[in-house]
Amino acid sequence: TLVTRVSGGESTGRAGDLGKSAFLERGALGVEASPQPAGRPLILATPHAEIRVLGTHLTLAVGGDATRLGVHEGEVQVTRLADKATLKVGAGHFALVSGEGPLLAVPLRTRAGLVALYPFDEGQGAFVRDVSGVGEPLPLRIASPESVTWVPGGLVVRGPAGIVTYGPAEKIIAACKASGELTVEAWVKPAAAGREGYLLAIASNPLNINVALDQNGTPPAWGVHLTSERTGEGGAALAARRGPVAGTLRHVLYAHAADGQGILYIDGAPVATHRLAGGFARWDANHRLALAADPRGNRPWAGEFRLVAVFSRALAASEVRQHYLAGPD
(Lines give C-alpha, C1' and ligand atoms only; values in the text may rest on other atoms or scores of the structure.)
Protein backbone atom coordinates (compact mmCIF):
# COMPACT_ATOMS: atom_id res chain seq x y z
CA THR A 1 0.00 0.00 0.00
CA LEU A 2 1.31 3.44 -0.97
CA VAL A 3 0.07 6.76 0.36
CA THR A 4 1.04 9.87 -1.59
CA ARG A 5 0.23 13.57 -1.56
CA VAL A 6 0.10 15.57 -4.77
CA SER A 7 0.08 19.37 -5.08
CA GLY A 8 -0.29 21.60 -8.10
CA GLY A 9 2.82 22.32 -10.17
CA GLU A 10 4.83 21.27 -13.17
CA SER A 11 4.15 18.02 -14.98
CA THR A 12 5.95 14.91 -13.82
CA GLY A 13 4.37 12.73 -16.50
CA ARG A 14 5.41 12.02 -20.07
CA ALA A 15 6.69 14.75 -22.35
CA GLY A 16 3.81 16.77 -23.73
CA ASP A 17 1.43 16.06 -20.84
CA LEU A 18 -0.54 19.01 -19.48
CA GLY A 19 -0.46 17.77 -15.91
CA LYS A 20 0.80 15.01 -13.65
CA SER A 21 0.19 11.37 -14.48
CA ALA A 22 0.77 8.01 -12.81
CA PHE A 23 0.04 4.38 -13.69
CA LEU A 24 -0.92 1.78 -11.07
CA GLU A 25 -0.64 -1.76 -12.44
CA ARG A 26 -1.36 -3.63 -9.22
CA GLY A 27 -1.77 -2.91 -5.52
CA ALA A 28 -3.28 0.01 -3.59
CA LEU A 29 -2.72 3.75 -3.60
CA GLY A 30 -3.96 6.54 -1.34
CA VAL A 31 -3.95 10.08 -2.72
CA GLU A 32 -4.53 13.48 -1.12
CA ALA A 33 -4.42 15.95 -4.02
CA SER A 34 -4.69 19.71 -3.56
CA PRO A 35 -6.54 21.66 -6.29
CA GLN A 36 -4.68 21.23 -9.57
CA PRO A 37 -4.06 24.12 -12.03
CA ALA A 38 -6.83 24.80 -14.53
CA GLY A 39 -6.49 22.57 -17.57
CA ARG A 40 -3.77 20.48 -15.94
CA PRO A 41 -5.46 17.68 -14.00
CA LEU A 42 -3.76 14.78 -12.27
CA ILE A 43 -4.33 11.63 -14.37
CA LEU A 44 -4.27 8.25 -12.62
CA ALA A 45 -4.37 5.24 -14.93
CA THR A 46 -4.87 1.52 -14.26
CA PRO A 47 -5.32 -1.40 -16.66
CA HIS A 48 -9.09 -0.82 -16.46
CA ALA A 49 -9.67 2.89 -15.98
CA GLU A 50 -8.46 6.46 -16.26
CA ILE A 51 -9.22 8.81 -13.36
CA ARG A 52 -9.07 12.61 -13.76
CA VAL A 53 -8.39 14.30 -10.42
CA LEU A 54 -8.88 18.02 -9.88
CA GLY A 55 -8.35 18.00 -6.10
CA THR A 56 -9.59 15.35 -3.72
CA HIS A 57 -8.84 12.58 -1.20
CA LEU A 58 -9.21 9.15 -2.76
CA THR A 59 -8.08 5.54 -2.54
CA LEU A 60 -7.34 3.33 -5.53
CA ALA A 61 -6.88 -0.44 -5.54
CA VAL A 62 -6.12 -2.72 -8.49
CA GLY A 63 -6.45 -6.48 -8.29
CA GLY A 64 -7.50 -9.26 -10.62
CA ASP A 65 -9.74 -7.87 -13.33
CA ALA A 66 -11.06 -4.78 -11.56
CA THR A 67 -10.12 -1.35 -10.21
CA ARG A 68 -11.78 0.00 -7.04
CA LEU A 69 -11.96 3.77 -6.63
CA GLY A 70 -13.08 5.27 -3.32
CA VAL A 71 -13.61 9.04 -2.99
CA HIS A 72 -13.46 10.54 0.50
CA GLU A 73 -13.40 14.25 -0.41
CA GLY A 74 -14.13 16.13 -3.63
CA GLU A 75 -15.20 14.55 -6.91
CA VAL A 76 -13.39 12.67 -9.66
CA GLN A 77 -14.27 11.45 -13.14
CA VAL A 78 -13.49 7.85 -14.06
CA THR A 79 -13.43 6.46 -17.60
CA ARG A 80 -13.64 2.72 -18.22
CA LEU A 81 -11.07 1.90 -20.88
CA ALA A 82 -12.99 -1.08 -22.29
CA ASP A 83 -15.92 0.99 -23.62
CA LYS A 84 -15.04 4.63 -22.73
CA ALA A 85 -18.02 4.85 -20.35
CA THR A 86 -17.55 7.74 -17.92
CA LEU A 87 -18.84 8.39 -14.42
CA LYS A 88 -18.44 11.12 -11.81
CA VAL A 89 -17.79 9.76 -8.32
CA GLY A 90 -18.45 12.11 -5.40
CA ALA A 91 -17.34 12.14 -1.78
CA GLY A 92 -18.46 9.15 0.27
CA HIS A 93 -18.88 6.88 -2.77
CA PHE A 94 -16.90 4.23 -4.60
CA ALA A 95 -16.94 2.67 -8.06
CA LEU A 96 -15.82 -0.80 -9.08
CA VAL A 97 -14.47 -0.68 -12.65
CA SER A 98 -14.29 -3.97 -14.51
CA GLY A 99 -14.98 -5.12 -18.05
CA GLU A 100 -18.60 -6.06 -17.36
CA GLY A 101 -21.75 -4.59 -15.84
CA PRO A 102 -22.93 -1.01 -15.37
CA LEU A 103 -20.55 1.66 -14.15
CA LEU A 104 -22.10 2.89 -10.89
CA ALA A 105 -21.16 5.03 -7.89
CA VAL A 106 -22.21 3.37 -4.62
CA PRO A 107 -22.05 4.80 -1.06
CA LEU A 108 -18.91 3.69 0.75
CA ARG A 109 -20.56 2.78 4.06
CA THR A 110 -23.95 3.10 5.73
CA ARG A 111 -24.20 5.21 8.89
CA ALA A 112 -27.67 4.09 9.95
CA GLY A 113 -27.40 2.66 13.47
CA LEU A 114 -23.69 3.44 13.78
CA VAL A 115 -22.58 3.97 17.40
CA ALA A 116 -18.76 3.67 17.27
CA LEU A 117 -16.19 3.87 14.47
CA TYR A 118 -12.40 3.49 14.60
CA PRO A 119 -10.56 3.96 11.24
CA PHE A 120 -7.02 3.91 12.75
CA ASP A 121 -5.83 6.91 10.78
CA GLU A 122 -4.08 8.72 13.67
CA GLY A 123 -0.62 7.65 12.54
CA GLN A 124 0.88 8.17 16.00
CA GLY A 125 0.09 8.51 19.69
CA ALA A 126 -1.46 6.45 22.47
CA PHE A 127 -5.15 6.87 21.58
CA VAL A 128 -7.52 5.46 18.97
CA ARG A 129 -10.31 7.93 18.19
CA ASP A 130 -14.00 7.15 17.84
CA VAL A 131 -15.02 9.23 14.79
CA SER A 132 -18.63 8.05 14.55
CA GLY A 133 -19.95 11.47 15.56
CA VAL A 134 -22.65 9.68 17.59
CA GLY A 135 -23.09 10.65 21.23
CA GLU A 136 -20.05 11.14 23.44
CA PRO A 137 -16.86 9.93 21.73
CA LEU A 138 -15.57 6.61 23.06
CA PRO A 139 -11.78 6.74 22.58
CA LEU A 140 -9.49 3.79 23.25
CA ARG A 141 -6.30 4.29 25.25
CA ILE A 142 -3.20 2.26 24.38
CA ALA A 143 -1.66 1.44 27.76
CA SER A 144 1.51 -0.09 26.24
CA PRO A 145 2.43 1.97 23.15
CA GLU A 146 5.68 0.01 22.81
CA SER A 147 3.59 -3.03 21.81
CA VAL A 148 2.04 -1.34 18.76
CA THR A 149 3.23 0.29 15.54
CA TRP A 150 1.23 2.83 13.56
CA VAL A 151 1.27 2.22 9.79
CA PRO A 152 -0.54 4.16 7.03
CA GLY A 153 -4.24 3.50 7.60
CA GLY A 154 -3.74 0.97 10.38
CA LEU A 155 -2.39 -0.14 13.75
CA VAL A 156 -0.16 -3.22 14.13
CA VAL A 157 -0.43 -4.95 17.52
CA ARG A 158 2.58 -7.16 18.33
CA GLY A 159 1.78 -8.10 21.93
CA PRO A 160 -0.40 -7.21 24.94
CA ALA A 161 -1.13 -3.51 24.46
CA GLY A 162 -4.06 -2.69 26.75
CA ILE A 163 -6.24 -1.01 24.09
CA VAL A 164 -9.29 -0.22 26.25
CA THR A 165 -11.87 2.51 26.82
CA TYR A 166 -11.45 4.56 30.00
CA GLY A 167 -14.88 3.64 31.30
CA PRO A 168 -17.87 1.49 30.34
CA ALA A 169 -18.95 1.40 26.69
CA GLU A 170 -22.20 3.02 27.79
CA LYS A 171 -23.46 4.35 24.47
CA ILE A 172 -22.94 1.00 22.71
CA ILE A 173 -24.52 -1.05 25.49
CA ALA A 174 -27.52 1.26 25.89
CA ALA A 175 -28.21 1.47 22.16
CA CYS A 176 -28.01 -2.31 21.64
CA LYS A 177 -30.19 -3.02 24.69
CA ALA A 178 -32.83 -0.65 23.32
CA SER A 179 -32.83 -2.14 19.81
CA GLY A 180 -32.14 -5.78 20.63
CA GLU A 181 -29.82 -5.77 17.64
CA LEU A 182 -26.10 -5.53 17.00
CA THR A 183 -23.41 -5.53 14.33
CA VAL A 184 -19.69 -5.71 15.11
CA GLU A 185 -17.31 -5.26 12.19
CA ALA A 186 -13.53 -5.45 11.80
CA TRP A 187 -11.01 -5.23 8.97
CA VAL A 188 -7.97 -7.11 10.30
CA LYS A 189 -4.79 -8.84 9.17
CA PRO A 190 -3.79 -11.62 11.61
CA ALA A 191 -0.12 -12.12 12.41
CA ALA A 192 -0.57 -15.89 12.76
CA ALA A 193 -3.32 -18.26 11.61
CA GLY A 194 -3.29 -20.50 14.69
CA ARG A 195 -3.24 -17.70 17.26
CA GLU A 196 -6.22 -17.48 19.63
CA GLY A 197 -7.46 -14.13 20.83
CA TYR A 198 -10.15 -11.47 20.88
CA LEU A 199 -10.28 -8.98 18.02
CA LEU A 200 -12.68 -6.94 20.14
CA ALA A 201 -14.61 -7.54 23.32
CA ILE A 202 -17.21 -5.69 25.37
CA ALA A 203 -16.58 -7.61 28.55
CA SER A 204 -14.75 -7.74 31.87
CA ASN A 205 -13.10 -11.16 31.42
CA PRO A 206 -13.63 -14.35 29.36
CA LEU A 207 -16.39 -15.51 31.72
CA ASN A 208 -18.31 -12.21 31.67
CA ILE A 209 -18.94 -11.10 28.09
CA ASN A 210 -21.55 -8.97 26.38
CA VAL A 211 -20.07 -9.65 22.93
CA ALA A 212 -16.65 -10.68 21.62
CA LEU A 213 -15.34 -11.19 18.10
CA ASP A 214 -12.44 -13.62 18.11
CA GLN A 215 -9.91 -15.73 16.27
CA ASN A 216 -9.83 -19.37 17.38
CA GLY A 217 -6.69 -21.49 17.26
CA THR A 218 -7.27 -25.20 16.49
CA PRO A 219 -8.44 -25.50 13.81
CA PRO A 220 -8.02 -21.82 12.83
CA ALA A 221 -11.43 -20.14 12.64
CA TRP A 222 -13.21 -16.83 13.13
CA GLY A 223 -15.88 -16.74 15.82
CA VAL A 224 -18.15 -14.71 18.07
CA HIS A 225 -19.45 -14.99 21.66
CA LEU A 226 -22.74 -13.27 22.48
CA THR A 227 -24.73 -13.05 25.71
CA SER A 228 -28.52 -12.88 25.62
CA GLU A 229 -31.28 -13.44 28.17
CA ARG A 230 -31.09 -17.18 27.43
CA THR A 231 -27.32 -17.72 27.81
CA GLY A 232 -24.79 -17.75 30.60
CA GLU A 233 -22.52 -14.78 31.21
CA GLY A 234 -19.86 -16.30 28.95
CA GLY A 235 -22.25 -16.10 26.02
CA ALA A 236 -23.11 -18.51 23.22
CA ALA A 237 -20.39 -19.25 20.68
CA LEU A 238 -20.57 -19.31 16.88
CA ALA A 239 -17.59 -20.25 14.71
CA ALA A 240 -16.92 -20.15 10.99
CA ARG A 241 -15.25 -22.99 9.14
CA ARG A 242 -13.39 -20.44 7.02
CA GLY A 243 -10.32 -19.63 9.10
CA PRO A 244 -7.82 -16.78 9.17
CA VAL A 245 -4.72 -16.69 6.98
CA ALA A 246 -1.61 -15.06 8.40
CA GLY A 247 -0.79 -11.73 6.75
CA THR A 248 -4.04 -11.61 4.76
CA LEU A 249 -6.50 -8.74 5.21
CA ARG A 250 -10.00 -9.98 6.07
CA HIS A 251 -13.40 -8.38 6.64
CA VAL A 252 -15.02 -10.06 9.68
CA LEU A 253 -18.58 -9.05 10.63
CA TYR A 254 -21.28 -10.44 12.90
CA ALA A 255 -24.90 -9.22 12.70
CA HIS A 256 -27.58 -10.15 15.24
CA ALA A 257 -31.23 -9.31 14.55
CA ALA A 258 -34.08 -8.78 17.02
CA ASP A 259 -35.66 -12.12 16.00
CA GLY A 260 -32.57 -13.90 17.36
CA GLN A 261 -30.87 -14.73 14.08
CA GLY A 262 -27.12 -14.16 14.11
CA ILE A 263 -24.96 -14.33 10.99
CA LEU A 264 -21.18 -14.35 10.79
CA TYR A 265 -19.78 -12.98 7.52
CA ILE A 266 -16.25 -13.27 6.15
CA ASP A 267 -15.31 -11.03 3.20
CA GLY A 268 -18.95 -10.16 2.57
CA ALA A 269 -20.26 -13.75 2.46
CA PRO A 270 -22.26 -15.53 5.21
CA VAL A 271 -20.27 -18.45 6.67
CA ALA A 272 -22.13 -19.41 9.88
CA THR A 273 -25.55 -18.77 11.41
CA HIS A 274 -27.40 -19.47 14.65
CA ARG A 275 -30.61 -18.46 16.38
CA LEU A 276 -30.16 -17.10 19.89
CA ALA A 277 -33.41 -16.30 21.68
CA GLY A 278 -33.74 -13.36 24.05
CA GLY A 279 -32.58 -9.76 23.87
CA PHE A 280 -29.69 -7.99 25.57
CA ALA A 281 -31.36 -7.08 28.88
CA ARG A 282 -28.70 -9.08 30.75
CA TRP A 283 -25.83 -7.15 29.22
CA ASP A 284 -23.62 -5.68 31.94
CA ALA A 285 -23.64 -1.87 31.69
CA ASN A 286 -20.18 -1.69 33.32
CA HIS A 287 -18.30 -3.63 30.63
CA ARG A 288 -15.62 -1.74 28.71
CA LEU A 289 -14.67 -2.07 25.04
CA ALA A 290 -11.23 -3.53 24.34
CA LEU A 291 -9.29 -4.44 21.18
CA ALA A 292 -6.74 -7.26 20.77
CA ALA A 293 -7.71 -8.75 24.21
CA ASP A 294 -10.39 -8.37 26.84
CA PRO A 295 -10.17 -5.33 29.18
CA ARG A 296 -7.96 -7.28 31.61
CA GLY A 297 -5.56 -8.46 28.89
CA ASN A 298 -6.88 -12.02 28.61
CA ARG A 299 -6.73 -13.80 25.24
CA PRO A 300 -4.41 -11.29 23.52
CA TRP A 301 -4.44 -11.12 19.71
CA ALA A 302 -1.66 -10.00 17.36
CA GLY A 303 -2.07 -8.49 13.92
CA GLU A 304 -3.09 -5.31 12.12
CA PHE A 305 -6.34 -3.35 12.62
CA ARG A 306 -7.60 -1.31 9.68
CA LEU A 307 -11.17 -0.55 10.83
CA VAL A 308 -13.54 -1.42 13.68
CA ALA A 309 -17.22 -0.40 13.81
CA VAL A 310 -20.21 -1.16 16.03
CA PHE A 311 -23.87 -0.68 15.05
CA SER A 312 -27.01 -0.94 17.17
CA ARG A 313 -28.82 -2.80 14.40
CA ALA A 314 -28.25 -5.86 12.25
CA LEU A 315 -26.85 -4.86 8.88
CA ALA A 316 -28.64 -6.50 5.95
CA ALA A 317 -26.72 -8.89 3.70
CA SER A 318 -26.65 -6.26 0.93
CA GLU A 319 -25.11 -3.71 3.33
CA VAL A 320 -22.49 -6.20 4.49
CA ARG A 321 -21.52 -6.86 0.88
CA GLN A 322 -21.37 -3.11 0.24
CA HIS A 323 -19.03 -2.60 3.22
CA TYR A 324 -16.77 -5.39 1.97
CA LEU A 325 -16.58 -3.96 -1.55
CA ALA A 326 -15.96 -0.48 -0.16
CA GLY A 327 -12.86 -1.75 1.65
CA PRO A 328 -11.32 -0.57 4.92
CA ASP A 329 -10.30 2.90 3.74
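This is a predicted model: local features need pLDDT of at least 70, side-chain atom pairs count only at pLDDT 80 or more; totals for chains, interfaces and linings use all residues.
**Figure 1. Lys 171 meets Asp 130 in a salt bridge.** The N to O distance between these side chains is 2.6 Å. Lys 171 belongs to helix H1 (residues 170-179), while Asp 130 sits in the loop between strand S13 (127-128) and strand S14 (140-142), so the pair ties together parts that are 41 residues apart in sequence. Both Lys 171 and Asp 130 are buried.

**Figure 2. The salt bridge between Arg 109 and Glu 185.** Here the side chains meet at 2.7 Å, N to O. Arg 109 comes from the loop between strand S11 (106-107) and strand S12 (114-118), and Glu 185 from strand S18 (residues 182-190), so this pair ties together parts 76 residues apart in sequence. Glu 185 is buried, with a relative accessible area of 0%, whereas Arg 109 counts as partly exposed at 21%. The structure holds eleven salt bridges.

Figure 3. Ala 236 is found in strand S22 (residues 236-239). With 19% relative accessibility, Ala 236 counts as buried, because the cut-off for buried is under 20%. Beyond its neighbours within four places in sequence, Ala 236 is in contact with Val 224, His 225, Leu 226, Thr 231 and Leu 276. The C-alpha atoms of Ala 236 and His 274 are separated by 9.6 Å, and these residues are 38 residues apart along the chain.

Conventions
Residues are numbered from 1 along each chain as its sequence is written. Side-chain values use heavy atoms; hydrogens and water are left out. Helices (H or I, at least four residues) and strands (E, at least two) are DSSP runs, numbered from the N terminus. Buried means under 20% relative accessible area, exposed over 50%, partly exposed in between (1.4 Å probe, protein chains only). Contact means heavy atoms within 4.5 Å. A salt bridge is a side-chain nitrogen of Lys or Arg within 4 Å of a carboxyl oxygen of Asp or Glu.
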